[in-house]
Amino acid sequence: MKIEFEGEALEACPGESLAATLTAHGIRSFRTTERGAERGVFCGMGVCQDCLVEVDGKPNQRACTVKVDRPMKVRREGSGRAPAASGPAAGRPPITIEEIPVERPQVLVVGAGPGGLAAAYAARLAGAEVLVLDEGSAPGGQYFKQCSAAGVAPPDAQHQEGRRLIDDVLGSGVTVRSNASVWGAFRPLEFAATKPGGSFLVQPEQAIIATGAFDRGWPVPGWTLPGVMTTGAAQTLWRTARRLPGKRVLIAGNGPLNLQLAVELVAGGADVVAVVEAAPAMGVRRVREIAAMLANAPRLVADGVRYLSTCRRAGVRLINGSVLTSVVPHSGGLRATIAGRETASFDVDVVCLGYGFHPSNELLRALGCEHAFDPEQRRLVTVRDTRGKTSVDGVWALGDCTTLGGARVGQAEGTLAGFAAARALGCALSAEAVRLEAQAAADAARHRRFQRALWRMYRMDESLRVRPTGDTVMCRCEEVTYGQVEAALAEGATSPSEIKQETRLGMGRCQARYCGPALETFLAEQTGRSQDETSGFAPRVPVKPVSVGDLSNPAGA
Amino acid sequence: MHSPTTSGPLPRDIQTVVVGGGILGLCVAGFLAEEGREVAIIDAGRPEGTTTNAGSLHVQMQSRFMRMHPDQVPALESGLHLYPKAVEFWFELQRHLDADFGLKASGGLMVAESREQLDFLAKKAERERSLGLDSKILDRDELDQIAPYLGPAVVGAELCADEGRLDALKANTALRRWVRRVGVMVTGETSVDRVSRDGGRFKLDTSRGTVRAATLVIAAGPGSLTLAEPFGLTLPVESEPLHMNITEPTDLFIGHLVQHADRMITVKQLSSGHVVIGGGWPADLSPSEDYAAVRLSSIIGNTSLAQHIVPAIGRLRIIRTWAGINTPTGGPGILGPIHGAPNAFLAIPGEAGYTLGPLSARLVADTVLGRRPTEDLAPFSPSRFR
């Protein structure tokens, strides 16, 4: 299949994302910002809004989420061309909310990752009527995302495991709706969503929130340059389309996912120059953690050992106790510099950042679910019981959107929340369901023990945190630098809201997902004030940008 | 949004205290401090932002208000002459502060979708002209010359030349910097629970202790109701929570403040390229009534109407919604001294409070300073509510 980008014909693989097509052709810059900066793929999962392009005249489309399913005309998004007034959607008669269709399933699950799918399956097994809404083009979430490009390599073990879960869910009579973006949650229990056909509302009896997490930012000079992307984004290019983010790749971050990415990219023929891990090297001092991990998830430990040996064999340098400190454009590519135990520079095409995750808790917060602040991880944790029950009646939460635990914990918690939500509806559990529930409780506990040991081992030295320079971008959307925030502080602004007013920080398309946490950390350092559950920006609807055209169009049945 | 540290130290005894740090409170405090007064602002929430302004510069009578309160139209008309002056004063203030408010007065269009609506606008424009406003009616062909972005359903519009918009974020930031520069003490997150006389001074019981002041200016929007009670005034002020939406930025293509003859809507594009959609759709007050929350039906109804009038908006995405609190007064604003209470003043601008804010503040500041204000404040006197 051929698509057109800025008048140039490009060969594309049907089913892959537009971002994958462009990346495969070495195109990394997709748009120019208001201030003339170049941007491309960053998060790869529809969160950062940096990869915007114009598709067939429709502005501001996320290249990472647009699937190439037809020949399309794509243009770079300029600093914002005025939208065309013509087209089939031009000037529809105004509607009121009464015209928007309402669905009333017994159980709504938001998110079709491992946790959401497991929750849907359990609730259905217990007899509940279940609707799953997922923003992705196919179920699986980030961990179980399937290969969407036609005719590429056969699925690997992780794909297959996900496929089995997806097939189980679809076969059980659960309704799974992909390409459905839940953009708002309203009290007491109403969800607003769009699908390609338009707008619809869901008023479930029970809601299970399984919205997962997104990669944290790593604000250093150059982190907004095209070619600098999250580990998750690079993995999505590979796992959904078997496209490499580039030929020469540096991976920097904190955690085992970076090693997995290195192994996948090496298998795809990339030259991974190094994996730069912030945590210190794992020596004999780690015997306790390793023993705990072996006792709880030996297969995952075996995976880790395999990743390490594959990297060594492929000549990937493994550097511990160091972090990325800057990226600059350099002879058509990028020059990335690291510091810490080792100081070095690498000339590469692509830099992948994998410095942990941030929970996607926006819907939970919009519904008023109670949260606590975890000072060590510097993020909010949803308050809930062992079955996922939140402080709001009828709202259950699980997995990475509550606190980071990974896919295995999410899946086990999903099963527990699914059964619990069904119980709340009055469903009686079969003996088999009770057995699965007990199994899930044990799995959840086991994988949490594994995660605790894993993150003790991967704990990074806080002194390695990079002190950003004044010209480092804090807010990607509004292009606000650390220097501007400092100037606002000097002008007398003290709170996040005043800094927002002074600088426009956090007012862009991504809804402060990256700069919000960065600002909190910065303010804590600057003012010595401690963070708590009330710090930072309150969530606002829409939690994801939503097109007025979609809002104004009642979805068909 | 949480703002734990807008609260500076609370003054114990001060010459002038201004209760409320919205557009009125900020400007009154700034004007007084510029004349050497010692001034403190006490705000229950976050100064310049708890009730959130959207940045329309209104001049013509808003059809929303005329429909909802036809009985109050004569009262409203008595203050109409202030509107073009208020817009002019915004420009003056921008020059005075050497700041950029994103001001643009390129005219406001109130669109009609039927003959009947256009006739209504024609009568309205005639009345407004007799009151000194620059208003005229345009047919569709004339509209195509100046506003090609309007949808096919629009048959004509009233053009009011003095209307426009400003970027409230820029303006508020500049005003906050200004009041700090001229020495105003600003204390946020401090509610004033009770005001009483204490000898020759005012005593304010606040959530963070007692403040005494020789001069008191009440500029607390809907909160002014309880503060004015001890002075024997029953103000007709209300909390009207309103819903707002904003799109992602795009090239400038909407040149006017756009309203509708028969529907609640304002559409304008800020200098930053964002399109702001509002115009009186309801929001909800929180149970404690101290903040407003957005309403789903308003997001749908308001944005859907916007794309009907300006179709290209259908191509844009909403990136944020918020709710603010409007303070209708049942007619013109409430400005000036409280009779029988020497050194106590009220400063509530009424409908289109943001547009009228700086000029209203100037008039009140002049009376506080014992000067003769440039406008006759009799129609705005607090005494009418005794």
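**Conventions.** This is a predicted model, in which local features need pLDDT of at least 70 and side-chain atom pairs count only at pLDDT 80 or more, while totals for chains, interfaces and linings use all residues. Residues are numbered from 1 along each chain as its sequence is written, and chains are lettered from A and ligands numbered from 1 in the order in which they are written.

**View 1. Strand 5 of chain A and its two antiparallel partners.** Helices (H or I, at least four residues) and strands (E, at least two) are DSSP runs, numbered from the N terminus, and two strands pair if DSSP finds at least two bridges between them. Strand 5 of chain A covers residues 52-55, with A:L52 and A:E54 pointing one way and A:V53 and A:V55 the other, and all of these are buried. A residue is buried if 20 or more other C-beta atoms lie within 10 Å of its own, exposed if 12 or fewer, and partly exposed in between, the C-beta atoms being placed from the backbone. Strand 6 of chain A (residues 58-62) runs antiparallel to strand 5 of chain A and is joined to it by 3 bridges, with A:R62 as the bridge partner of A:L52. In the hairpin of these strands, which has 2 residues between them, A:D56 takes a positive phi near 45°. Strand 5 of chain A also pairs with strand 7 (residues 73-76) of chain A in the antiparallel sense over 3 bridges, and here A:E54 stands opposite A:R75.

**View 2. Helix 1 and helix 10 of chain B.** Helix 1 (residues 23-34) and helix 10 (residues 353-368) of chain B pack at an angle of about 35°, with their axes 8 Å apart; axes are lines fitted to C-alpha atoms, for helices over the stretch in contact, and angles run from 0 to 180 degrees between N-to-C directions. The residues of this contact divide into 12 nonpolar, 3 polar and 1 charged, where Ala, Val, Leu, Ile, Met, Phe, Trp, Tyr, Cys and Pro count as nonpolar, Asp, Glu, Lys and Arg as charged, and the others, Gly among them, as polar. Among the residues that meet are B:C27, B:V28 and B:F31 in helix 1 of chain B and B:A361, B:V364 and B:A365 in helix 10 of chain B. Two residues are in contact if their C-beta atoms, placed from the backbone, lie within 7 Å. Leaving aside its neighbours within four places in sequence, B:V28 is in contact with B:V18, B:V217, B:A219, B:A347, B:A361, B:V364 and B:A365.

**View 3. The side of chain A that touches chain B.** The contact takes 47 residues from chain A and 47 residues from chain B. On the side of chain A, helix 12 gives the most, with 5 residues, and the residues of this side divide into 23 nonpolar, 15 polar and 9 charged.

View 4. Strand 31 of chain A pairs with strand 18 (residues 317-326) of chain B in the antiparallel sense over 2 bridges, and the bridge partner of A:V546 is B:I318. Within chain B, strand 13 (residues 257-260) and strand 14 (residues 266-269) pair in the antiparallel sense over 2 bridges, and B:V258 stands opposite B:V267.

**View 5. Two loop residues of chain B, B:E351 and B:A161.** B:E351 is found in the loop between strand 20 (344-350) and helix 10 of chain B, and B:E351 counts as buried because it has 25 C-beta neighbours inside 10 Å. Not counting residues up to four places away in sequence, B:E351 touches B:Q62, B:F65, B:L76 and B:P328. B:A161, in the loop between strand 6 and strand 7 (164-165) of chain B, has 16 C-beta neighbours inside 10 Å and therefore counts as partly exposed. The C-alpha atoms of B:A161 and B:G108, 53 residues apart along the chain, are separated by 6.4 Å.
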